[in-house]
Amino acid sequence: MLTRFRGKEKFRKADFQESNEDLNLPCCGWYHVYTFMAAPPADGKPVEEEIWLDEACREEQLALVLIDIGAFQNSPLSREALLHIGQILAFFHQIGKMVILRFVYDREGRGMQKEPFAIAMVKRHMEQAGEAIRPWLEDILVMQGIFVGNWGEMHGSKFLDDVSLWELTDMLLSVTKGRCFLAVRTPAQWRRIMANPKAGPELERRLALYNDGIFGSPTDLGTYGTQSRAEAGETGSWSPGEELEWQSRFLDAVPNGGEILSCEPFQSYEQAAVQLGDMHVSYLNRIYHPDQLDCWRKETVQDQGCWQGVSGYDYIGRHLGYRFWVRDVAEKKRRELRITVVNCGFGNLCEEADCFLVTDNGTGTESCKRLDTDAREWMRGQETVLTIQLSPEETGPGSRVYLMLKRRSDGRILRFANRDSGERVLLGEYRV
C-alpha cells in the first residue's frame with residue numbers, strides 16, 4: 001500500500017502477517033523441574049553434565065530448580081552445601097537457562113515435621129542462601145515460596161500467620177537485593193503481605209504468584225476460596241471468579257506461573273486460554289498433569305487465522321508470557337509513522353527492553369535510534385500505538401524502516417510474532 005503526500009508516492013508499508021511460530025522468548029514458556037539436595041553428593045562428583053537434559057529440556061528457556069535443605073532443619077547450612085548451591089546455579093548459567101528457584105525443607109507433604117522449630121533458623125537459612133545465589137541473581141527469574149510448607153508450597157506450616165508471612169517475605173526481598181521476582185502461593189497471601197504497614201512499592205513491583213493447582217478443582221486445590229469478597233474480607237480467599245478478576249487487574253506486571261493439574265471434565269484449550277490470560281501466566285510445568293496436557297495435544301485450533309490446524313497444546317505454549325505482533329503501520333503526516341503493536345500473549349514483558357527504529361538507506365548504511373517507549377507497558381490483549389517522526393535522511397528513496405526490540409540486561413533480541421521477521425520487523429520502505 002502506498003501513502004501519497006503532495007501527489008508523490010512516498011511510504012509503502014510492509015505486509016504484516018501474524019506467525020504461529022515458537023519464538024523461544026526468554027523468561028516464559030514450558031519448564032521441567034530439577035531437584036537437588038543442598039548437601040553435595042557423597043561421591044564428590046560434579047553437578048550433572050549437560051547430557052542430563054533431554055532434547056525437550058534443551059529447548060526450554062526456563063528451569064525450575066528445587067533445592068532440598070531439609071537436612072539442615074536444626075543447623076545453619078554448611079559451607080559445603082553453600083558451595084554446592086553455587087555450583088548448581090553455575091551449571092544452569094552455563095547452559096543458558098533462566099531459573100525459577102525454590103528452596104524447600106520437605107518433599108513428602110510433611111512440612112510441619114521437617115521445617116525448623118523457630119523462625120530465626122529459617123531466616124538464617126535465607127541469609128545464607130542469599131549469599132550463595134548472589135552471583136547468579138541475574139539468572140533467577142523468580143524465587144517461589146518462602147522456604148516453608150509442604151513441598152515449599154506455603155501450606156502445612158506453622159510460619160504462615162500474618163507476622164511470620166511478612167517477616168519471611170521481607171527477609172527474602174532483602175537477601176535478593178530486590179533483583180529478582182518473588183512469588184507466593186495464593187492471592188490471599190499476596191494481599192496479606194501487602195497489607196502490612198511496612199510493605200512498600202519495591203515489594204509490590206516484585207511480588208508474583210505461583211499456582212501449582214491450576215484446574216485441579218473448582219478452587220484450584222484451595223488457591224481460591226468459596227466465599228465472596230464481601231464475606232471473606234480484603235485479605236481473605238475469594239471465590240474463583242473474583243480472584244481471577246483481581247489477578248487480571250493487579251498482577252499484570254510480574255511473571256506468574258505454575259502447574260496444571262487434572263480434574264474431569266478436562267479444560268479445553270479455549271477455556272484454559274481465557275483463564276491463563278486472566279492469570280497473566282508466563283510459565284507452566286511441561287509434565288503436569290499429563291492427562292490434561294494430552295487433552296490439549298489432541299485438540300486442533302479452528303478458525304483463528306494463522307493458528308488454524310495448530311494443536312491446542314502448542315497454542316497454549318506459544319502464548320505463555322508476552323507475544324508482540326506489529327499489526328499495522330500508517331504514515332499520518334509527512335515522515336510521521338504510527339506503528340500498531342499488539343500483545344497477544346497471556347502475560348506481559350516483565351524485564352526492561354529497548355525498542356529501536358532501524359533505517360537502511362539502501363546504500364548499505366544503517367542508522368538506529370532508541371524509541372521513547374516501555375515495552376513492559378504493551379499490555380496483554382491491547383494495542384499500543386507508537387508515533388515516530390523521521391528525519392529527511394531516514395526517508396530518502398530506497399530507505400527501508402524496521403522495528404527491533406532488545407532486552408536491556410544482555411542485548412538479547414526479543415522477536416516479534418510477524419511472519420518472516422527474523423530479528424527485526426520490516427515496517428515499510430520509501431519510494432519516489
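A residue is taken as buried when its relative accessible area is under 20%. In the predicted model described here, C27 has a relative accessibility of 8% and therefore counts as buried. Its phi is near 70 degrees, a positive value in a residue other than glycine. C27 belongs to the loop between β2 (8-13) and β3 (29-31). D420 is placed in the loop that lies between β17 (400-407) and β18 (425-430). Exposure requires a relative accessible area over 50%, and D420, at 76% relative accessibility, therefore counts as exposed.

Peptide-bond geometry was also examined. Most residues other than glycine have a negative phi, and most peptide bonds are trans. The bond from E264 to P265 is cis, its omega being near -5 degrees. P265 is located in the loop between β10 (256-260) and α10 (269-278). A cis peptide bond also runs from Y288 to H289, with omega near -10 degrees. H289 is part of the loop between β11 (281-285) and α11 (290-298).

Two packed helices are described by the angle between their axes and the distance between the axes. For helix α5 (residues 162-175) and α6, the angle is about 80 degrees and the axes are 9 Å apart. Since angles of 65 to 115 degrees count as roughly perpendicular, α5 and α6 are therefore roughly perpendicular to each other.

The axes of helix α6 (residues 187-194) and helix α9 (residues 240-250) cross at roughly 55 degrees and come within 11 Å. The pair α6 and α9 is therefore oblique. The contact of α6 with α9 comprises four nonpolar residues, one polar residue and two charged residues.

Rolling a probe the size of a water molecule over the atoms shows where empty space is left. The largest pocket has a volume of about 820 Å³. It is lined by 40 residues, of which F181, R206, C350, E351 and E352 are the closest to its centre. Two elements, β7 (140-144) and α7 (201-206), each give two or more residues to this lining. Helix α7 provides the largest share, four residues. By class, the lining of the largest pocket contains 18 nonpolar, five polar and 17 charged residues.

The second largest pocket has a volume of about 410 Å³. Among its 17 lining residues, those closest to the centre are R102, W151, E153, D212 and E259. Strands β4 (33-37) and β5 (62-68) are the elements that give two or more residues to the lining of the second largest pocket. This lining divides into seven nonpolar, three polar and seven charged residues.

Note on methods. Residues numbered from 1 in each chain as written. Predicted model: local features only at pLDDT ≥ 70, side-chain atom pairs only at ≥ 80, totals over all residues. Heavy atoms only, no water. 1 Å grid on protein atoms, 1.4 Å probe; cavity = no way out; pocket = protein on both sides within 12 Å on 5 of 7 lines; lining within 4 Å. Points joined across faces, edges and corners; volume = space filled by probe spheres on them. Nonpolar A, V, L, I, M, F, W, Y, C, P; charged D, E, K, R; others polar. Axes fitted to C-alpha atoms, helices over the stretch in contact; angles between N-to-C directions. Parallel < 35°, antiparallel > 145°, perpendicular 65-115°, else oblique. Buried < 20%, exposed > 50% of the residue type's maximum accessible area, 1.4 Å probe, protein only.
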